[in-house]
Amino acid sequence: MTNETFAKDIDQGLRAPFKHISSKYFYDDIGSVIFQDIMKMPEYYPTPCEFEILSVHREDIIQKLDFHEPFNIIEFGAGDGMKTRQLLKKLIEKKVDFTYVPIDISQKAIDELEANMISHLPGLKIKSLVGNYFSMVEELAMFKKPGLFLFLGSNIGNYTDPEANELLGQFNSHMRKGDKLLIGFDLQKNPATIRNAYDDSQGITKAFNMNLLQRINRELGGNFKKEFFDFYSHYNPVNGEVRSYLVSLKQQDVHLNATDKCYSFRQNELIWTELSKKYTFSEIEMLAKVSGFRLIENFMDCKHYFTDSLWVKD
């Protein structure tokens with residue numbers, strides 16, 4: 001992703017009637033490190049829940065793949081790959097012929113992932129790609145082998161319903177008949193459990209959001225002062241949406257060298273930074289159907305907080 005694209009998106013977001021910054025910009029090298037800290041927080045249940053699913057249900061998942069020839073495992077937004085390693089380890093133990101293709105927007109994250117994977121799974125065949133899924137999905141269409149696509153960690157929850165339909169439709173259009181998609185969904189549950197996961201007492205999630213402003217300063221020559229902004233997160237249990245914001249604590253103007261523009265903020269004005277939707281099973285089934293997939297099975301943790309849902313393109 002070029003600085004030109006970054007600058008254009010930030011300019012559009014800060015000039016909008018309701019200011020917003022895409023959550024995809026969280027994950028520069030510093031943001032990716034902070035997110036690793038978020039995943040280690042005791043309040044942040046999605047990571048241990050999905051780790052449990054991929055550890056406990058990996059035999060069932062492998063059986064349901066039903067591939068009878070060498071295949072690729074293509075992971076969008078691979079992160080540190082710790083959860084995925086549970087599945088890959090079992091495949092290697094069973095002497096299954098596959099190639100792991102992790103994709104991440106951060107080169108640093110990919111370098112660390114490769115080193116980590118190879119140290120734990122020395123026999124792993126790995127072919128990494130750096131970029132976002134939108135730019136990589138067409139390149140992946142050139143792969144001639146069957147594919148298991150992984151979209152884990154409830155990443156789909158960061159998209160509005162129309163965006164989720166479009167993204168999954170793009171995935172589907174570049175997949176072959178019989179290819180599978182294993183996709184993570186955070187399920188609706190006690191609202192207090194969700195609230196605590198997205199507004200932790202240690203302030204790690206706040207730092208994750210504040211890094212957006214610091215990234216704009218670093219890469220686009222901005223003069224945001226983080227002491228003039230605060231963080232706010234809200235969960236709506238009716239529609240299942242967590243929405244996170246940065247709040248301007250005073251009336252202020254911020255200048256960006258990359259756009260050579262000033263952006264005005266009212267006191268208490270919001271910048272919307274993240275959507276994280278929590279799903280019901282009926283919503284998951286409908287999303288699969290609308291985007292051209294058939295749902296095979298939902299694999300869940302023991303608390304039923306989370307599901308990795310296996311879909312097939314018929």
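These are my notebook entries on a predicted model of one protein chain.

**Entry 1: the whole chain**

I began with the overall picture. I then looked up the box that the C-alpha atoms fill, and along the principal axes it is roughly 60 × 40 × 35 Å. The accessible surface comes to about 14300 Å², and carbon and sulfur atoms account for 51% of that surface. Of the residues, 51% count as buried. I also checked the contacts between residues at least 6 apart in sequence: 73% of these join residues at least 24 apart.

**Entry 2: the sheet**

Next I went through the secondary structure, which comes to eleven helices and twelve strands. Seven strands form an open sheet with mixed pairing, and I wrote down their order as S3-S2-S1-S4-S5-S12-S11. Which strands stand at the edges? They are S3 (129-130) and S11 (294-300); each has a single partner strand, so one side of each is left without a neighbour in the sheet.

S5 (residues 180-186) and S12 (residues 306-312) run antiparallel to each other, and seven bridges join them.

I followed helix H4 (residues 58-65) next. H4 lies across S1 (71-76), S4 (147-151), S5, S11 and S12. Its angle to S11 is about 170 degrees.

**Entry 3: Ser-154**

Is Ser-154 buried or exposed? I found a relative accessible area of 6%, and since buried means under 20%, Ser-154 is buried. Ser-154 sits in the loop between S4 and helix H8 (161-173). I set aside residues up to four places away in sequence and listed what Ser-154 touches: Gly-184, Phe-185, Asp-186 and Phe-306. For orientation, S5 covers residues 180-186 and S12 covers residues 306-312.

**Entry 4: helix H2**

My last stop was helix H2 (residues 29-39). Its buried residues are Gly-31, Ser-32, Ile-34, Phe-35, Gln-36, Ile-38 and Met-39. I kept a reminder beside that list: an α-helix has 3.6 residues a turn, so residues three or four places apart point the same way. What covers the buried residues of H2? The cover includes helix H3 (46-56) and helix H10 (204-220).

Notes. Residues are numbered from 1 along each chain as its sequence is written. This is a predicted model: local features need pLDDT of at least 70, side-chain atom pairs count only at pLDDT 80 or more; totals for chains, interfaces and linings use all residues. Side-chain values use heavy atoms; hydrogens and water are left out. Two strands pair if DSSP finds at least two bridges between them. Helices (H or I, at least four residues) and strands (E, at least two) are DSSP runs, numbered from the N terminus. Contact means heavy atoms within 4.5 Å. Axes are lines fitted to C-alpha atoms, for helices over the stretch in contact, and angles run from 0 to 180 degrees between N-to-C directions. Buried means under 20% relative accessible area, exposed over 50%, partly exposed in between (1.4 Å probe, protein chains only). Accessible areas come from the Shrake-Rupley method with a 1.4 Å probe; for residues, only the protein chains shown count as cover.
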